[in-house]
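Here is a quick tour of a protein chain for someone meeting it for the first time. Take a look at the picture, then read on.

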Amino acid sequence: MLRIFLFALLVFWQCSPNKQTETYRFDQIIVTKFPTNPPPAFPQSFFPEKSTFLQSSEFKTSHIHTKEAFLLLETPESWEEIQKRIDYRVNQGDWKLIEKNVNETEVSYLLEGFIKKSLSIYLTKNESNNQIRFYFKKHSTY
């Protein structure tokens, strides 16, 4: 009986989902599932301390410069803590708040940065973890 239990435990342990990083490149587009790091275009100070990156994508105009980017992450932080962090970060002055929409299950922010950069943040409330989606776009050729 113990042998069957150990064998079943080993089989089920091997069948658990694996969150391994997968990266796909198509010329200037990079798509990553379960990235280890976010795209460099996003300001790191908007991210919660405990977060899991689920998906990201980047469109680059050259090898270095990002034209557009997307990031999806989830965090166990509370809804209020995340909103406080984003509001505090916006009040620091380098990102200008253009629009904020508050709903029961979603909050959206539209921000404008220096040199024609825009950042949209969508905070979605879930039962276990809250999801945050970031969209970045650079409107100039600098």
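Helix H2, residues 79-90, lies across E4, E5, strand E6 (106-113), strand E7 (117-124) and E8. Its direction makes an angle of about 15° with E6. Keep in mind that this is a predicted model.

**The overall plan**

Now step back to the whole chain. It has two helices and eight strands, and reading along the sequence gives the pattern α-β-β-β-β-α-β-β-β-β. Of its 142 residues, 35% count as buried. The chain exposes about 9900 Å², with carbon and sulfur atoms supplying 54% of that area. As for contacts between residues at least 6 apart in sequence, 44% of them join residues at least 24 apart.

**The sheet**

In what order do the eight strands of the open sheet sit? Going across, the order is E1-E2-E3-E4-E8-E7-E6-E5, and the pairing is antiparallel. Strand E1 (22-26) and strand E5 (96-102) stand at the edges with a single partner strand each, so one side of each has no neighbour in the sheet. From one strand to the next, the twist averages 10°.

Let's walk through some of the pairings. E2 meets strand E3 (residues 52-60) over five bridges, in the antiparallel sense. E3 is in turn joined to E4 by eight bridges, again antiparallel, and these two strands form a hairpin with five residues between them.

Strand E4 (residues 66-75) and strand E8 (residues 130-138) run antiparallel and are joined by eight bridges.

Over at E5, the pairing with E6 is antiparallel and takes six bridges. Here the hairpin has three residues between its strands, and Lys100 stands opposite Tyr109 in E6.

**A residue on the edge strand**

Glu99 makes a handy landmark, and you'll find it in strand E5. Is Glu99 buried, partly exposed or exposed? With a relative accessible area of 38%, Glu99 is partly exposed. Leaving out residues up to four places away in sequence, Glu99 touches Ser108, Tyr109 and Leu110. The C-alpha atoms of Glu99 and Leu111 are 7.2 Å apart, though 12 residues separate the two along the chain.

**A nonpolar patch**

Which residues make the nonpolar surface patch of about 380 Å²? They are Tyr24, Phe26, Ile29 and Phe59. Ile29 is partly exposed, at 36% relative accessible area.

**Salt bridges**

Side chains of opposite charge can pair when their charged atoms come close. The structure holds six salt bridges, and here are some of them.

| Pair | N to O distance |
|---|---|
| Glu77 and Arg85 | 2.8 Å |
| Asp87 and Lys100 | 3.4 Å |
| Asp94 and Arg89 | 2.6 Å |

Take Asp87 and Lys100, whose closest N and O atoms are 3.4 Å apart. Asp87 lies in helix H2 and Lys100 in strand E5, so the pair ties together parts that are 13 residues apart in sequence. Both residues are partly exposed: Asp87 has 26% relative accessibility, and Lys100 has 33%.

Besides meeting Arg85 in a salt bridge, Glu77 is part of a salt-bridge network that links Glu49, Glu77 and Arg85.

Key
Residues numbered from 1 in each chain as written. Predicted model: local features only at pLDDT ≥ 70, side-chain atom pairs only at ≥ 80, totals over all residues. Heavy atoms only, no water. Patch = residues over 30% accessible without salt bridge, like charges linked within 9 Å, V, L, I, M, F, W, Y side chains within 5 Å. Areas by Shrake-Rupley, 256 points an atom, 1.4 Å probe, with all protein chains shown as cover. Salt bridge = Lys/Arg side-chain N within 4 Å of Asp/Glu carboxyl O. Buried < 20%, exposed > 50% of the residue type's maximum accessible area, 1.4 Å probe, protein only. Pairing = 2+ DSSP bridges. Helix = DSSP H or I, 4+ residues; strand = E, 2+ residues; numbered from the N terminus. Axes fitted to C-alpha atoms, helices over the stretch in contact; angles between N-to-C directions. Contact = heavy atoms within 4.5 Å.
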